[in-house]
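Please read the following account alongside the sequence and the coordinates.

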Amino acid sequence: MSSSVFSVLSKFVAEYRRSTPAKLKVVDAYLLYILLTGALQFFYCVLVGTFPFNSFLSGFISCVGAFVLGVCLRIQINPQNKSEFLSLSPERAFADFLFAHAILHLVVVNFIG
Amino acid sequence: MALRGLHCVVLLALALGAQALTPSHHLSPADLDRLKAFLNQPFTDLESAYYSIVGLSKLGIAVSDEHAACQFLKSQLDPSNIDSLFFASEASQALSGCQIPLSNETRDLLLAAVSEDSTMSQIHRSVSTLSSLGLPVASQEVVSALTTRITKEDNVLAIILALQTASRLSQQAELGGILEEIEDLAARLDDLGGIYLQFEEGLEATAHFVTAAYALSDHVDIEPPLKEDQVVQLVNSVFSKKSWDSLSEAFSVASAAAAFSGNRFHIPVVVTSQGPAAVSHRQPMLQLQVTDILSQPLPSISVQVESAHAVASKSVVLSQAPFTLRDGIFELNFMDSQPASGYYQFAVAVTGDSRLVANHVEMKVKVSTEVAINNMDLSVVDKDQSIGTKTTRVEYPSKAKTSFTADSHQNFAMSFQLVDVNTGVELTPHQTFVRLHNQKTGQEVVFVAEPDSKNVYKFELDTAERKSEFDSISGTYALYLIVGDATLENPILWNVADVVLKFLDEEIPSVIQPKNLYVPKPEIKHLFRDPEKKPPTVVSNTFTALVLSPLLLLFILWIKLGANISNFSFTPSCILFHLGHAAMLGLMYVYWTQLNMFQTLKYLAIIGSLTFLAGNRMLAQKAVKRIAAEQSSRLAKYRSLRLASK
């Protein structure tokens with residue numbers, strides 16, 4: 001059972017390495033970084049309690065928001081999805097990504113206290 | 001005396017039943033004297049002379065020097081002024097033998113004033129002057145002028161003047177339209193708490209309304225559309241003020257008082273008791289004064305008690321019993337019905353005149369009596385045996401000859417009966433206390449004696465049980481019996497005996513300090529909220545480093561993937577975009593440390609728009625490059641395919 005899971009995973013990783021364009025891999029690395037940061041923040045909160053609760057929330061929401069926006073960017077610049085985003089150029093997707101981040105950062109810094 | 005009367009009236013008002021409203025204010029003889037004295041001021045001008053002379057005549061007395069008053073009127077008169085003519089003529093009517101000189105110009109002036117173009121006040125004054133000088137008035141013209149002015153000057157004071165004017169016109173004129181204004185005006189009155197009814201324009205307007213409404217109603221002999229309660233509420237409003245600010249106010253009150261006591265339809269009745277409403281064997285007569293609101297006796301009336309019932313037991317004691325009139329006071333011997341002591345609710349009715357208003361009055365009468373103490377038995381009982389040792393009987397008001405001793409093994413017991421001296425009925429007064437007073441230390445302890453089922457009062461003092469009240473101080477205590485009640489004429493404070501109490505665990509008797517309630521209390525120190533427990537700095541620093549570590553991982557991954565900035569074109573828009581973006585991120589940091597939202601938004605708008613424009617340019621250039629690259633690669637692929645197929 002575990003061997004089949006392992007073989008599936010290794011196949012998946014190999015396929016990923018082969019067929020994903022470099023641009024998407026860059027975005028994936030960024031997404032992984034965001035994920036790790038968020039997970040570490042959550043772990044810290046679980047460990048020591050929610051004392052400055054607003055700070056914890058703003059940091060965590062920042063990670064979650066950045067992750068979501070990163071996923072949106074990845075979907076929009078994926079050449080395989082080109083048929084669904086005919087009118088949306090990658091540059092436009094990136095511009096949207098930056099604009100949404102500006103608003104996210106504003107809210108997060110407001111809340112961080 | 002007046003204050004007591006007023007007190008009774010107020011008590012009356014408070015004790016009234018839910019059915020009928022009775023006047024809570026009226027003019028007592030003292031108030032009347034004050035009003036007359038106020039009106040009897042020396043004249044300063046024609047208007048004040050008018051208020052004084054006519055006001056006093058309405059109250060039934062004349063000015064002190066009528067001749068001098070008449071001379072004053074004649075000297076101050078200005079025949080070309082309608083107001084002056086009005087004051088002089090009305091005042092001269094109230095004086096005897098005073099005639100205002102008349103001329104044709106005067107008459108023409110007055111008649112010309114009766115038109116639709118004059119104000120209501122002018123019409124009223126000219127018509128009143130014409131009528132008091134005995135000159136003919138064209139009533140129908142006046143009525144039409146009044147009706148027009150009412151629609152034009154639709155305020156309360158104008159309509160009241162119209163009513164007054166109409167009451168001076170001939171009875172044959174069409175006064176029905178003006179008569180209806182009484183009802184409209186009554187609807188405009190403000191009801192205050194169900195007790196007062198007055199215009200928002202104030203006391204004078206209300207009093208003038210009363211005078212005018214009754215004057216007109218009497219003139220046309222039609223009852224005014226005012227309900228009994230409304231009449232009483234108007235009485236309350238007009239007579240609630242007992243000192244008046246101006247002559248015109250006093251004049252309006254005097255006119256209203258005359259209207260209330262002399263009109264043909266509603267006469268409010270004021271029923272007050274002479275002194276407190278209480279009877280006893282020494283004073284068995286319940287005395288009532290029944291007057292109109294000027295405190296004048298009402299002719300040919302009879303007063304009777306419709307029903308009197310005890311408040312506690314609701315049993316009817318008296319029904320349909322008449323009062324007898326003696327020297328202007330109505331009396332009833334209530335003790336003839338042999339009531340038990342207590343409070344009784346009386347419903348009194350005044351009859352004899354169909355015009356009487358508020359003639360059903362509810363009042364509370366107290367019947368008091370005297371108490372006697374019978375069978376006062378004192379004894380000291382051993383706790384183990386319930387058989388008493390010898391019982392000593394004490395007669396009021398003497399004191400027991402020997403003192404009683406009780407220590408912790410014994411109880412001191414007392415029993416007595418309270419009876420009504422006159423009827424022998426057992427009483428249960430409100431206050432039956434037993435007070436023990438230690439003469440040496442000044443300490444006193446008070447207990448309550450309770451009656452048992454047979455109305456015999458018993459008191460037992462258990463020395464061991466009660467030692468905390470006595471602070472365990474042994475000694476001689478004087479025993480007092482205190483009996484009191486609102487319906488007792490002779491409250492009792494009787495030193496019955498001396499009791500020597502012996503307690504165990506005695507403390508040195510010290511003079512008892514009164515409890516000091518008024519010393520400063522200990523200061524309360526404010527406790528600030530404890531700051532929350534924070535984790536140790538080491539832990540948080542570690543985690544800060546941990547949280548920043550994925551950034552390192554990111555850079556490593558990116559380098560591994562081959563991400564680079566080799567495609568960085570040094571176009572101005574590109575540089576500007578990156579600078580702007582960096583500035584936005586810097587602004588976020590500054591916002592966190594220093595700024596507030598409004599300042600941040602302002603800066604963000606400026607930097608953001610710059611960045612947006614630069615970025616737009618830059619991305620457009622990139623897009624062009626990309627599309628060109630794609631096209632050239634597609635072209636190359638196509639060419640290679642073609643070569644291959646060839």
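Strands β6(B) and β10(B) pair in the antiparallel sense, with 4 bridges between them. Within this pairing, L288(B) has F330(B) of β10(B) as its bridge partner. The model is a predicted one, and the pairings described here are read from its atoms. Strand β6, which spans residues 285-291 of chain B, is also joined by 4 bridges to strand β4, residues 270-273 of chain B, and these two strands likewise run antiparallel.

In the loop between β9 (324-326) and β10 (329-333) of chain B lies D327(B). This residue has a positive phi of about 55°, although it is not a glycine. Further along chain B, the loop between β15 (388-394) and β16 (404-406) holds P397(B). The peptide bond that joins Y396(B) to P397(B) is cis, with omega at about 0°.

Chain A may be considered next, beginning with the confidence of the prediction. The average pLDDT of chain A is 88, and 99% of its residues score at least 70. Confidence in chain A is highest in helix α3 (residues 53-77), at a mean of 92, and lowest in helix α1 (residues 2-19), at 87. Helix α1 of chain A contains both E15(A) and R18(A), which are 3 residues apart, about one turn of the helix. Their side chains meet in a salt bridge, with an N to O distance of 3.0 Å. Side chains of opposite charge can pair when their charged atoms come close. Over all chains, the count of salt bridges comes to 24.

What does the contact between the two chains take from each of them? Chain B contributes 34 residues and chain A contributes 29 residues. The area buried between chain B and chain A is about 2,700 Å², and carbon and sulfur atoms give 82% of it. Across this interface there is 1 salt bridge. That bridge is formed by R626(B) and E91(A), whose closest N and O atoms are 3.1 Å apart. The interface also has 3 residue pairs in polar contact.

On the side of chain B that touches chain A, helices α14 (537-561), α15 (572-593) and α16 (597-645) each supply at least two residues. The largest share comes from α14(B), with 13 residues. By residue class, this side of chain B divides into 24 nonpolar, 4 polar and 6 charged residues.

Key. Residues are numbered from 1 along each chain as its sequence is written. Chains are lettered from A and ligands numbered from 1 in the order in which they are written. This is a predicted model: local features need pLDDT of at least 70, side-chain atom pairs count only at pLDDT 80 or more; totals for chains, interfaces and linings use all residues. Side-chain values use heavy atoms; hydrogens and water are left out. pLDDT is the predictor's confidence in each residue, from 0 to 100. Contact means heavy atoms within 4.5 Å. Buried area is the accessible area (1.4 Å probe) that two parts lose on being put together, summed over both. A salt bridge is a side-chain nitrogen of Lys or Arg within 4 Å of a carboxyl oxygen of Asp or Glu. A polar contact is a pair of N or O atoms within 3.5 Å; within protein, one must be able to donate a hydrogen and the other to accept it, and residues adjacent in sequence count only if both atoms are side-chain atoms. Ala, Val, Leu, Ile, Met, Phe, Trp, Tyr, Cys and Pro count as nonpolar, Asp, Glu, Lys and Arg as charged, and the others, Gly among them, as polar. Two strands pair if DSSP finds at least two bridges between them.
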